[in-house]
Amino acid sequence: MKVAPLGDATLLAELGQRVDTALNTRALALAAALSKRRDVREAVAGYGSVVVHYDPEQVTYKGLSGAIQKMVQAKPPHAEPGRLHRIPVVYDGPDLQEVAAELKLSVEEIIRLHTEPIYRCFMIGFVPGWAYLGPLPEKLRLPRRRVPRTHVPAGSVAMAGAQTGVYPLPTPGGWHLLGRTSVKFFLPNSDPPTLLRTGDRVRFFAT
Amino acid sequence: MVQDLGRPGRRGFGVTPSGAMDRFALSAANLLVGNPEGAAALECALSGPTLVALTNCLVAVTGADFGPTLNGEPAPCWTGIFMAEGDSLAFTGRVWGARVYIAVAGGLAAERWLGSAATYSLVARGGFHGRALKAGDELLAAAPAPRPAVAELMLPAQSRPPYDEEPSVAAIAGPHLRRLSAPSRRAFFRELWAVGRDADRMGYRLEGPELEISGPDLVSFGLSMGCVQVPPAGQPIVLMADHQTAGGYPVVAGVARVSLPLVAQLLPGDHLRFREVSVETAQSEWRRLRASLDSLRQ
């Protein structure tokens, strides 16, 4: 594990670089344990890392780094499987035909492959409610669009690389748009303001 | 727009902290009028508003110098100013800096969202209906002035951050600095960087020597204000108050808290130089600057 500063009150603890449920589970457990410390203001898990916002008036950088090294060695607590969300999708996205042609698959096969796995929410971030879901079946993996769209509507169901997700807000975006859902992923009137939590599971179904 | 010291504890849901770009100036403005330092106040980029007092109040103007005037006469910055009903606070034009802060005794009444009054434009939440102010909007104080309005506190220039149009910005070596080639690492900390045209509340794109960066793609991780990312094309981006909460570009350095106000006051075309400091040095420089805010508490 590597610990390095992101500033003078923030550090990054990197556990690994894989897209992997076990690694992500360890990162989540470490973030949860760090959040309980009085000298930590916020701990945010990534795929295989934790960003720690700490109070330098209560702990030194070296002191906290040492504590994190020790915490990582502890056996992670047994993690309960995350909540399962079933998300209805209308598969009529503007990129569906192009994706089918590039992957040499029929639209039906793309829908079948995309709805087959139970995806894990590895991380929430980038914009409010954006959930990084994966891993995507190998057969569906494509690099991002060469020219990103300047406007992607909220609710667009999309994929890129080994990831899939739902645009929570109308934003620019470079992922391939497969369809749309009416389920809201950003819930501005709730706290937390997102449908998903890191560690939750998602399965799409076609309607 | 209305800002405070930011929205705490929601990064893990993708909600960026927002809040004042120059947090020192916002804190100082609040303390100068007797408010808690994180009260809601105005952040005005590039030009100042004309504000007419609907009732007697104490205000303070800090941050950039946009030539403040009270009823047409020059008004001082970094000090409390008493406004009587009908008085007009206006700005003649930018002298230096990017953002002015205006605090009113009692703090501004503002829409709070997830624990903060900070305006977050992307989702149109917080502050004044989630948007920038426009002519005709009426602002109310959140509470009566916290103490008798005595307009005499002031923060002298030597107690403020060393604002400059070409500041030396303290930065700490980040987790992926070694992904830069050795010449690029030297260039990063030695060369002059220009603030590019894309410079807003989310971040500043910097222009200067092209940096050579290599290494396999990173899986996404959390980010914070002050992180300096380097995308493959080699032009760094400094993340600011409305930054994305996660990303996968290498982070080569982190701007120290003590220098974030200096960056917050830069505009496209201004320059900066990074100076490498240790975490411990950055923290002690911050404590010294922080002490001048504490001297304003009564």
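**Two chains, asked about**

Guide: Let's start in chain B, where strand 5 (residues 68-70) and strand 6 run antiparallel and are joined by two bridges. Bear in mind that this is a predicted model, in which local features need pLDDT of at least 70, side-chain atom pairs count only at pLDDT 80 or more, and totals for chains, interfaces and linings use all residues. As for labels, residues are numbered from 1 along each chain as its sequence is written, while chains are lettered from A and ligands numbered from 1 in the order in which they are written.

Visitor: What makes strand 5 and strand 6 of chain B a pair?

Guide: Strands pair if DSSP finds at least two bridges between them. Strands 5 and 6 of chain B have two bridges, so they meet that cut-off. B:Thr69, for instance, has B:Pro74 in strand 6 as its bridge partner. A strand here is a DSSP run of E with at least two residues, a helix is a run of H or I with at least four, and both are numbered from the N terminus.

Visitor: Which strands does the open sheet in chain B contain, and in what order?

Guide: Its four strands come in the order 3-8-5-6, with antiparallel pairing. Strand 3 (51-52) and strand 6 (73-74) are the edges: each has a single partner strand, so one side of each lacks a neighbour in the sheet.

Visitor: Over to chain A. How do you know whether A:Asn24 is buried or exposed?

Guide: Count the other C-beta atoms (placed from the backbone) within 10 Å: 20 or more means buried, 12 or fewer exposed, anything in between partly exposed. A:Asn24 has 28, so it is buried. This residue is in helix 1 (residues 21-35) of chain A.

Visitor: Which residues is A:Asn24 in contact with, leaving aside its neighbours within four places in sequence?

Guide: A:Tyr47, A:Gly48, A:Arg120 and A:Phe122. Contact means that the C-beta atoms, placed from the backbone, lie within 7 Å.

Visitor: And how many residues does each chain bring to the contact between A and B?

Guide: Chain A brings 38 residues and chain B 33. On the chain A side, strand 1 (2-5), strand 2 (10-14), strand 3 (40-45), strand 4 (49-54) and strand 6 (119-124) each supply at least two residues.

Visitor: How does that side of chain A divide by class?

Guide: Into 22 nonpolar, eleven polar and five charged residues. Nonpolar covers Ala, Val, Leu, Ile, Met, Phe, Trp, Tyr, Cys and Pro, charged covers Asp, Glu, Lys and Arg, and the others, Gly among them, are polar.

Methods: Contact = placed C-beta atoms within 7 Å.
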